Number of protein chains: 2
Amino acid sequence: MLPERQFINRIRGLAGRAKQGELVRGIGDDCAILQLPPGNQLLVTTDLCVEDVHFRREWHPARSVGHRCLARGLSDIAAMGGDPVACFLSLGIPAELPQRWVDEFLRGLLHLARQFRTPLAGGDTSSADKITADILLLGQVPSGKALLRSGARPGDRIYVTGELGGSAAVLKRLYGGEKIRPRRKSRHFYPAPRIAMARLLREKALANAMIDISDGLSVDLAHMCQESRVSALIEAGAIPRAKAVTLDLALHGGDDYELLFTARQHLTLPQKIAGIPITPIGRILPRPSVRSKVQIQDESGHAKLLEPEGWQHFAKI
Amino acid sequence: MLPERQFINRIRGLAGRAKQGELVRGIGDDCAILQLPPGNQLLVTTDLCVEDVHFRREWHPARSVGHRCLARGLSDIAAMGGDPVACFLSLGIPAELPQRWVDEFLRGLLHLARQFRTPLAGGDTSSADKITADILLLGQVPSGKALLRSGARPGDRIYVTGELGGSAAVLKRLYGGEKIRPRRKSRHFYPAPRIAMARLLREKALANAMIDISDGLSVDLAHMCQESRVSALIEAGAIPRAKAVTLDLALHGGDDYELLFTARQHLTLPQKIAGIPITPIGRILPRPSVRSKVQIQDESGHAKLLEPEGWQHFAKI
C-alpha cells in the first residue's frame, strides 16, 4: 500500500477535475461543495459493502467489486426516478492488501461513475481488518417528483424490469465451488443500474411507486406494501426469470438491481422502456388483514402467502 | 443483536420524525429527500470510524464512540463555516456485539445530533468483524461563502480556537494503561464541534481560510498551506495548550476538533467568539521554496521546519 497522503493524491488524480456539473469543489477541503439547480430536491443514499459479506476476494475481481459498490448506490437513485450528481467513498483497507487491488477497485468504480457522469467528490480512508467500502450517492430530482415506495394504490398493476434471479444464480454456483469468468455483461459481476428507465418512468408520470430489487422480489415488494399500506397478489408464471433460473431464485435472490414499480391499471405501458423489457406480474390490493403482505398465485389459480426470504442481513436503514 | 428489520425499525423510532427542517423524507425509502433553501450550497463530508483504529471498546464507552463519530463530521461542516442539515450512518456490526452497546452508541450519536438539530436521515447496516461506523454529514452555507482551506494569503494572521493537545494527552494516558473516567466535559470523550464559532466567523467575514484540527496542528496547517500555496511561521510560545500538555502533543496530537483559521492582518479580532478563546499563533508567508511549508519559532527567535507528524493514517480523501 502507498502511504496515505500519496494514496489520497492518487485518488484525487484518478477522480478527475474537482469542478464538474453540480460539483463546485471536490476532493481537497474539509467538505465537498455542491450547487443544485433551483427547483430540484436532493436524494441521498449510502451502501455499505464488506468483504466476505457482500463479496469475496477469490470470487470477485477488484474491478467488479468497485463496480458493484457504486451500482448499488446508483440503483437507489434510479429507484426514486432521480439523476446521480456525485459519489463519495469511505474505504477501510487491510494493511496486507496489494496496491494493485485498490487501483483495480477504483478503476471499476470510476469507469461506472464516468458512464453516469457522477464525479467522485470526496470520502475518507482508514486501516481495517477487512475491505470495507461505504458508498454515498447524491442525486437530484425535480421537487416533489420523486417516485416513493409509499405511492402504490389498490388496483395498480405491478411491473418489474428485465429478468430476475440471474445474479443469485451466479452466486449459488460460486458457493458450489464453480469457477466463473466475470464477463463484462454479467448482471452479477457488472450490474447495470436502471437510471435511464427510471428517469423516463418519472418524466412520463407512468409509475405510482417504485423500489429497486436489491434484497429480492419477495422482500422488496413487502417493503413497498408496508410503506404504501397495501397488499399485493403476484402470479408465479408471470415473473420474468433469467435463463435457467428457478422460481425460488427469481422470487428471493437479491442483487439484480432491476426496478419494481406500480402503475395505474388503465395505463398501457410499452413492452420496453430505454431498451429494457418491462413485465406486469400482478396487482396491488387493499390493506391486508394478515401479517404477510404479499400473496403469490400459481398457474392453477391457487394463492398462498409469500414470506419475504431475501437477504435481510444486508437491509438498509 | 436484534434481527435486522427490527433493528432498523428501532433506529427509525429513535431518529424521530422523518420530516424536519430541510429533510423532506428520512428513513424508509431508497433515498432520503432534502430540499435546501434557495441561495445555499450543499456541504458533504464522510468520516470512517473503525474499532481499534479510532476507538477501543475497553477505553471508550459506546456513548462516547457514537458522540465522537458524529462530532468528527460536524467539525468538518464547522470548518467550512456551514450549518449541519442531516446525518447518515452506515454501521458494520460484529455478530457478538451486545444490543446494549449499539443502543448506547446510538444514544450518544443522537444526543449530539439533537443538540445541533441534525436529524439522522438514513444509512445502511451490515455484519462486520469489527465495529465500523461511516458518518455522512450534510450541511449548508450561503452560496459562495464557504470558508476554504485555499483562502490563506501572505500577511494573514493565523489563529486557533480553544486549547490544543488535550485529547491526545488523554489518549496517551489510555495507551499507558491508565483508567480514565469519561467525563461529559472531556474534550477527548465528548468533543464539542465549533459550529457556532465558525458560523460567526463566516457571517462577520472575519476569516480568509479555515480547517478543523483533526489530525494535529502540524498536519492541518500544512494542508492549509498546500491548498493556499503559501507557507507559515508559527510561534511555539503562543500555541494555547490544554492543562499539563507538552508542546509536542499540542503540535502533533489530533482529535481536538478546534478550528485553525487565518484573518487579514489589519483586522482586530475579539479574544473570545461564541464563548471560546481565540489565539493568534503566527503568520502566513509567501509560497515556500522548500518542501516543508511550516516553520516554528522558539522564544529566542530561532526558527526551524515543522514536519507534519499527526495521524496521517486517519487522513481524509
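This is a predicted model: local features need pLDDT of at least 70, side-chain atom pairs count only at pLDDT 80 or more; totals for chains, interfaces and linings use all residues.
Me: How do I read the helix itself, and which of its residues are buried?

Reply: The general idea is that an α-helix has 3.6 residues a turn, so residues three or four places apart point the same way. In this case, the buried residues of helix 3 of chain B are B:Val102, B:Phe105, B:Leu106, B:Gly108, B:Leu109, B:Leu110, B:Leu112 and B:Ala113. As for length, helix 3 of chain B covers residues 99-115, and at 1.5 Å a residue its 17 residues should span 24 Å; the end C-alpha atoms are 24 Å apart, so the two agree.

Me: Over to chain A. What radius of gyration would a compact globule have with 317 residues?

Reply: Near 20 Å, and chain A has 20 Å, so that agrees. Its C-alpha trace spans about 65 × 50 × 35 Å along the principal axes. Chain A holds 7 helices and 14 strands, and 56% of its 317 residues are buried.

Me: Which domains does the assignment give for chain A?

Reply: Domain 1 (4-142) and domain 2 (149-311). Their centres, taken over C-alpha atoms, are 26 Å apart in chain A, and 18 residues of domain 1 are in contact with 18 residues of domain 2.

Me: What gives the most to the domain 1 side of that contact in chain A?

Reply: Helix 2 of chain A, with 11 residues. By class, that side of domain 1 has 9 nonpolar, 5 polar and 4 charged residues.

Note on methods. Residues are numbered from 1 along each chain as its sequence is written. Chains are lettered from A and ligands numbered from 1 in the order in which they are written. Helices (H or I, at least four residues) and strands (E, at least two) are DSSP runs, numbered from the N terminus. The expected span of a helix is 1.5 Å times one less than its number of residues. A residue is buried if 20 or more other C-beta atoms lie within 10 Å of its own, exposed if 12 or fewer, and partly exposed in between; C-beta atoms are placed from the backbone. The radius of gyration is taken over C-alpha atoms; the globule rule is 2.2 Å times the number of residues to the power 0.38. Domain bounds come from an automatic or database domain assignment. Two residues are in contact if their C-beta atoms, placed from the backbone, lie within 7 Å. Ala, Val, Leu, Ile, Met, Phe, Trp, Tyr, Cys and Pro count as nonpolar, Asp, Glu, Lys and Arg as charged, and the others, Gly among them, as polar.
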